[in-house]
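Please read the numbered points with the structure open.

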Amino acid sequence: MPERIAILGAGIMGCCLALEFARRGRKVTVFDERCAPMECASRWNEGKLHLGYLYANDPSLATARHMLPAGLAFLPIMRDWIGEAIDTAISHSDDLYLVSRGSVVGAAATGAYFEQVTALAKTMPGCADYPGDLTRAAVRQASRSDLERHSNACDIVAGYFLPERSIQTRWVADRLADRVTQEPFIELRMGQRVEGVDAGESGHDPWTVRTLAVGDTGEATREAFGLVVNALWQGRVAVDRTAGIADPADCSNRFRVSAFVRTSKPLAVPSAIICVGPFGDMKNYNGRDFYLSWYPTGLLRDTKAAVPGAAPVIDSEIRAAVLRGIQKHLVPRLPGAGQVLEAAERIEVAGGWIFAQASGVLADPSATLHRRERFGVSRIGNFLSVDTGKYATAPHMAREIVSMVMD
Ligand SMILES: Cc1cc2nc3c(=O)[nH]c(=O)nc-3n(C[C@H](O)[C@H](O)[C@H](O)COP(=O)(O)OP(=O)(O)OC[C@H]3O[C@@H](n4cnc5c(N)ncnc54)[C@H](O)[C@@H]3O)c2cc1C
């Protein structure tokens with residue numbers, strides 16, 4: 001096991017890797033261009049603890065099979081690192097999946113898929129530890145009166161209450177950032193942009209990490225490490241190229257923003273998502289903290305480029321356009337979203353990159369973006385590159401990766 005370990009990226013993937021190495025007695029150095037850990041996609045996302053329901057356009061169940069073990073392990077692992085209090089950040093009730101008339105999968109096929117995923121989840125180790133205990137889970141079809149109460153548009157043709165939960169990712173981000181900052185075995189190098197990683201003379205180990213302080217234009221600093229793990233998310237492929245890892249066959253980089261709302265009073269509106277395709281959703285975490293998204297207006301960048309370029313700046317114009325999109329398209333479909341906006345005391349419009357080894361757009365049923373079974377690790381010697389896939393899958397993947405290199 002090499003002496004010096006570098007982790008590139010301080011999102012959920014990098015932080016979980018660092019904590020796991022530290023737990024197993026190894027010192028690590030973490031590099032990130034931001035001033036603090038957990039500032040990007042891992043702070044500003046919906047926090048679905050994925051069981052695979054969203055991927056109804058993958059009837060092979062390959063995506064669900066790939067996601068389930070990690071989705072089920074999220075909470076037990078995170079409790080180890082940031083304590084039992086994490087349970088207070090989880091949504092309390094089942095999600096209402098509403099099938100739109102424009103869905104790329106019909107209502108009956110979507111319902112059948114949900115039944116299959118639920119049955120599969122119940123066979124998995126750890127299903128009893130998922131919030132609400134999946135051993136007793138069932139798909140409940142929404143009645144006509146459920147649909148009339150919670151949705152309001154004639155394009156909703158069916159609804160299903162599913163036992164999937166979500167976590168408030170800003171809450172987790174603050175705790176995880178504290179944990180990595182306080183952990184003596186973790187050295188944080190924030191404000192450092194990773195320019196590349198070069199192989200040693202033998203063509204692989206040791207690896208030299210090249211970094212430049214953000215804002216500097218001079219010579220990069222070079223430092224040798226016996227093991228390097230690249231968890232840079234949208235920045236990953238550019239650094240993989242320097243290490244000799246070829247680009248994935250298909251790349252999709254989307255920059256998406258949503259509204260994170262705090263209300264002045266508790267509201268009893270359900271968490272609901274319109275599926276399957278480029279629609280929107282509303283998450284109720286605790287009665288006062290909400291996530292609202294309308295996909296077409298929240299999608300600020302969508303590129304096939306493996307290296308996507310700079311993130312858009314979210315100025316007042318974009319913020320207003322995103323909120324207008326939610327008001328115009330989400331509120332008529334989910335009237336609860338209107339109540340959330342009316343009672344808002346704080347609204348933040350924010351988001352991040354979503355990388356996928358896939359192609360196409362969500363409105364196209366043949367797009368491989370509807371599947372997510374390819375994320376994971378590529379490796380040359382002791383240079384490892386991690387496609388996180390999902391927020392929910394990161395803690396489990398971190399444990400697996402550390403076991404892979406240490407055991
Ligand atoms: C709107 C939205 C909703 C989502 N909803 C869900 C959901 O419900 N459930 C779910 O499981 N997932 C969801 N996701 C996906 C999830 O957010 C990501 O899969 C996950 O956060 C990726 O974690 P990460 O640590 O790999 O990346 P990040 O959190 O982005 O961390 C990568 C880090 O690398 C740093 N970095 C990048 N390039 C460089 C460089 N060259 N030099 C130095 N530092 C660099 C960045 O500053 C960043 O801190 C959503 C994403 C978005 C945007």
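1. Helix α1 covers residues 12–23, 12 residues that reach 16 Å from the first C-alpha to the last, close to the 16 Å expected at 1.5 Å a residue. That expected span is 1.5 Å times one less than the number of residues. Helices (H or I, at least four residues) and strands (E, at least two) are DSSP runs, numbered from the N terminus. Residues are numbered from 1 along each chain as its sequence is written. The model is predicted: local features need pLDDT of at least 70, side-chain atom pairs count only at pLDDT 80 or more, and totals for chains, interfaces and linings use all residues.

2. Helix α1 is mostly covered, with 10 of its 12 residues buried. A residue counts as buried if 20 or more other C-beta atoms, placed from the backbone, lie within 10 Å of its own, as exposed if 12 or fewer do, and as partly exposed in between. Among the buried residues of α1 are Ile12, Met13, Cys15, Cys16, Glu20 and Phe21. Just after the helix, Gly25 adopts a positive phi of about 85°.

3. The chain is divided into domain 1 (5–41 + 173–248 + 371–406) and domain 2 (251–269 + 278–356), with bounds taken from an automatic or database domain assignment. Their centres, taken over C-alpha atoms, are separated by 28 Å. Contact between them involves 10 residues of domain 1 and 10 residues of domain 2, where contact requires C-beta atoms, placed from the backbone, within 7 Å. The side of domain 1 that touches domain 2 has six nonpolar, one polar and three charged residues. In this classification Ala, Val, Leu, Ile, Met, Phe, Trp, Tyr, Cys and Pro are nonpolar, Asp, Glu, Lys and Arg are charged, and the others, Gly among them, are polar.

4. Which residues come nearest to the ligand? Of the 35 residues around the ligand, they are Gly11, Ser42, Asn45, Lys48 and Gly235. By class, the shell has 14 nonpolar, 12 polar and nine charged residues. Domain 1 and domain 2 both contribute to the shell, so the ligand lies between them.

5. In helix α9 (residues 335–342), the buried residues are Gly336, Ala337 and Val340. Seen down the axis, they fall within an arc of 105° and so line one face of the helix; the arc is that of the directions from the helix axis to the C-beta atoms. These residues pack against α4 (144–150), β11, β13 (280–284), β14 (289–294), α8 (316–333) and β16.

6. A cis peptide bond joins Cys275 and Val276, with omega about -5°; Val276 is in the loop between β12 (272–275) and β13. Leu61, in the loop between β2 and α2 (62–82), has a positive phi near 70° and is partly exposed, with 16 other C-beta atoms within 10 Å. Trp233, in the loop between β10 (227–230) and α6 (236–243), has a positive phi near 55° and is buried, with 24 such atoms within 10 Å.

7. Ser359 is in the loop between β16 and β17 (377–380). Ser359 is partly exposed, with 15 other C-beta atoms within 10 Å. Leaving aside residues up to four places away in sequence, its contacts include Asp250, Lys304 and Thr368.

Technical notes: A residue is near a molecule or strand if its C-beta atom, placed from the backbone, lies within 6 Å of it. Two residues are in contact if their C-beta atoms, placed from the backbone, lie within 7 Å.
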